[in-house]
Amino acid sequence: MFRQTKSVFQKLRYLSFNGQQHTWRLKSTSARERALQYQPGQKIHGFTVKEVLAVPDLFLTAVKLTHDKTGAQYLHAARDDSNNLFSVQFRTTPMDSTGVPHILEHTVLCGSEKYPCRDPFFKMLNRSLSTFMNAFTASDYTMYPFSTQNGKDFQNLLSVYLDAVFFPCLREQDFWQEGWRLENEDPTDNNSPLMFKGVVFNEMKGAFSDNERLYAQHLQNKLYPDHTYSVVSGGEPLAIPDLTWEQLKQFHATHYHPSNARFFTYGDLPLEPHLKQIQEEALSKFACIDPKTEVPSQPRWTSPKEDHVTCSPDPLAPDPNKQNTVCVSYLLGDITDAFEGLTLSLLSSLMISGPNSPFYKSLIEPKLGTDFSSVVGYDGSTKEASFSIGLQGVDEEDIERVKQIISQTIDKIIENGFEERRIEALIHKLEIQIKHQTTNFGLSLASYIASSWNHDGDPVELLQISDSVAKFRQALKENPGFLQEKVRQYFKENTHRLTLSMSPEESYLEKQAKAEEEKLQKKIEVLCDSDRKQIYEKGLELLAAQSQTQDVSCLPALKVCDIEPTIPITPVQISTAGGVPVQYCEQPTNGLVYFRALCNLNTLPEDLKVFVPLFCSVITKMGCGALDYRQQAQQMELRTGGMSVSTQVITDCNELDTYEQGILLSSSCLERNLPHMFQLWSDIFNSPHFDDEERLRVLVMQSAQELANSIAYSGHLYAMTRAGRHLTPAGDLQETFGGMEQVTFMKRTAAMADLSQIIRTLPRLRIHLFNPNNMRCAINSTPEKVSDAAAHLEGFIKDVAKNRKERKPVRPNIIEKPINPLDDNGPRRKLISEPTFHPCPMKTFFQMPFPVNFVSESIRAVSFSHKDYASLCILARMMTAKFLHGEIREKGGAYGGGAKIGGGLFTFYSYRDPNTVQTLSAFGNGIEWAKSGKFTQQDIDEAKLSVFSVVDSPVAPADKGMGQFLSGVTDEMKQSHRQRLFAVDHKNLVDVAER
């Protein structure tokens, strides 16, 4: 998987430093306390302890070690969290764009010395209870992480990962499949034309069809033109066919060595067994080398540079005549300076984040473009960081003006600095992120430290965020002009800056296709008859290998009996506040309170439904009460962890043609800010501002641009939503709210010269959506704060009581169900029932400017509580692993594909797929394969393990009880579903396939 890494502050946003995790293990001493007993200089299984440090902010103890024989670096973060993580990363610094690190990342996972079966990585997805398994290729490192809550599983996965990265088979056949190959279009017909195939080849064709991704790649290549960042580590599609198998093996030999490795483990499992296993299974077999993978500093320019690139036109762009992007990018300092990195990251947020920031005011509000450029702000993913600022959706005539505004805005920042309240709001945001608990903290931590550690920065220093924040505060106190001086140094006086513009070219795709055809013809021209014969024979060999049933007995596996038979119960209390139903869930939330409210749409006229997503996206950003939108944004940052509104379409767990439609309000705050958070919601309910057309236009353009940009990356989700549109009543509404229908609606809205009709429509939505009669709420907080939260919630309900009004539902068939299914007399939720609904099979094709496809097919199935639902869950997973993966990815060359069940639909999909008809045939053949019953008990057990790894994935304290609150699925219903999953057998699977 190729990814471009994010900036430090963006990473902080996802890091969410949690406090004590909800899944802990009862031991006499905590993992953190045990780790504090290690001493610098101590020798453990071939490693020497270098540093031991308690990091109270993150509730962990960091232990830094070095491997004596190879020099491999190791960091262990001991924390009372059962979701244990391992990762190993290598500094990978290619000097061409053949994609060698990316293709190697794929190929090492295709079999190793101890586990020689084909594709052990994908096989282990079905033999483990992992909560995460993947691999990433960044610009200058490759990382292999996994996480699991099961100790035995951790050992199994560690064994497979170690063998994969250090002792891979690297078979030529795997290189052809994963990287690239010349092959007959139909491998069984030697007269069919030759073409390029390969998983990474098609993945990168898909990646380069995304204009945002394309721009980001060009910007990095041109800002750092003198070393590894000047090439495409993921692979440029036309350069990938220049890579040879020999070059791939050579790159592995020089880069995948312990002397070039950084190991990271996290969680509550003890450190010593990890070290022992890593030493015995891998590191003891290596000596120390100098890998020579260091990245030199980029030589600085003495004067700024400008450049221009082209891309394909976007048919869904808000304004077809405004499709230019322009951005100025500045080379900053070395990322291994942790304090400077944090300072620049915070400075970046002050400059660009939210409507109070200077660049938002100068670039976004004059509507010179639809949104900031795809690369914006601080980026600490390369050895030397960068900062970028610019716009997309710009008219060609305005490009020069944008450049001038950027320069003028920098001058104004140097002159005026930043308001103290904005700095406080930003530090408050950090405080919330440090307290907020997530379930994938280990993975977030691994990603957060990866880039700096990759260039020999100190990962432990990066974890001491409070120290850096205190130092930041002190620097501001001692020198009020501290930030302005940084702006002058890094932006005003920085001659290493690049201005890059990108414009659409009508013939772009045609030129790309022509260039690929020319590359193909050059390869074909030099072939003699025996070469062609060999290509044909190799194609048949690969097809035979892909079709062969694999012996996976060499791979370790958990058994179904290793799965916990029961789930822990999450107690919730259902009550009311001012007549509104409320669910309370007491959790160790680390001093935060989480609030949700679901408001149903049952009284909303049908013609207004398409406006609901727009209402959700603007309602917290237009101003409310006495606050204009800037003041509102500042109050939200100072007093909350964020406030958002989103659409909800929830299929009933018992009836397929019954569903709940609504909007979900979500927010969180520190306990001390409860009154402020509810006051903000009261103002949004009672007096939202809708009349600022200029502000609304900015938000509409941003929203339309985001939707248009999302298709290249999430095309499979749009295809799946569309495929299910006419099969259930909920599916139709999901297409309206989040499918291609919404994309085209927002494009039309953004193109409107006059938004007065929208301004008149939004208040009509408010009176239906913000009606306490149609609302239910949920609070998750510590036990000590439940009564306090309840009192403030009661006050909020009182404040918005004037919105309470009995309105007639638009649909006649409203049914009521108890919020707590065990209490028939308690509060109720109102659902829509459409007993006369008739599914209507439809075929749809959207032509998009991509060289790859996203294909989906949906079948109407059953609801969650139906006896066959569990069988369909197992069938979807088994069909994906045992049939569709081979047909769609291995043989077809798509990046991914499979089957899943949800919302009453059994859905097939493919992702970045060079085929369409062939993939649709594979979907149909998958059903025939299941009907034939050609699968074993082992296949069924593996599918169960894979399904349970999702069912039992950790749930954060903020989200506990949410399944019951949103969809009425209680822990008792989940336990019944669990028992049905355990009971699924061969006959059940054939039966559901035949239906």
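Biologist: What makes Ser128, Leu129 and Ser130 contacts of Ser949?

Modeller: Contact means heavy atoms within 4.5 Å. Leaving aside neighbours within four places in sequence, Ser949 is in contact with Ser128, Leu129 and Ser130. The model is a predicted one, in which local features need pLDDT of at least 70 and side-chain atom pairs count only at pLDDT 80 or more, while totals for chains, interfaces and linings use all residues. Residues are numbered from 1 along each chain as its sequence is written, and side-chain values use heavy atoms, with hydrogens and water left out.

Biologist: Why is Ser949 called buried?

Modeller: Buried means under 20% relative accessible area, exposed over 50%, and partly exposed in between, with a 1.4 Å probe and protein chains only. Ser949 has 11% relative accessibility and therefore counts as buried. Ser949 is found in helix H31 (residues 937–951); helices (H or I, at least four residues) and strands (E, at least two) are DSSP runs, numbered from the N terminus.

Biologist: Why does Lys974 count as partly exposed?

Modeller: The relative accessibility of Lys974 is 35%, so the residue counts as partly exposed. Lys974 is placed in helix H33 (residues 971–983). Beyond its neighbours within four places in sequence, Lys974 is in contact with Ile567 and Val969. Gly963 is eleven residues from Lys974 in sequence, and their C-alpha atoms are 9.6 Å apart.

Biologist: What makes the phi of Phe59 and of Leu170 worth noting?

Modeller: Most residues other than glycine have a negative phi. Phe59, which is not a glycine, has a positive phi of about 55°, and Leu170 has a positive phi near 50°. Phe59 lies in the loop between strand E2 (47–55) and strand E3 (60–67), whereas Leu170 is in the loop between helix H5 (151–166) and helix H6 (172–178).

Biologist: How do you know whether Phe59 and Leu170 are buried or partly exposed?

Modeller: Phe59 has a relative accessible area of 22% and is therefore partly exposed. Leu170, at 6% relative accessibility, counts as buried.

Biologist: What makes a set of residues a nonpolar core?

Modeller: A nonpolar core is a set of buried Ala, Val, Leu, Ile, Met, Phe, Trp, Tyr and Cys residues joined through side-chain atoms within 4.5 Å. The largest such core has 140 residues, and Phe264, Phe359, Phe491, Phe595, Ile663, Leu793 and Phe796 touch the most other members. Helix H11 (residues 338–352) gives the largest share of this core, nine residues. A second, separate core of 90 residues includes Tyr74, Tyr224, Leu248 and Leu283.

Biologist: Which residues does Phe359 touch?

Modeller: Not counting residues up to four places away in sequence, Phe359 touches nonpolar and other residues, among them Met351, Ile352, Phe372, Thr409 and Ile413.

Biologist: Why is the protein chain called as compact as a globular protein of its length?

Modeller: The secondary structure of the protein chain comes to 34 helices and 28 strands. Its radius of gyration is 28 Å, close to the 30 Å that the globule rule gives for 995 residues, so the chain is as compact as a globular protein of that length. The radius is taken over C-alpha atoms, and the rule is 2.2 Å times the number of residues to the power 0.38. Buried residues make up 61% of the 995 residues.
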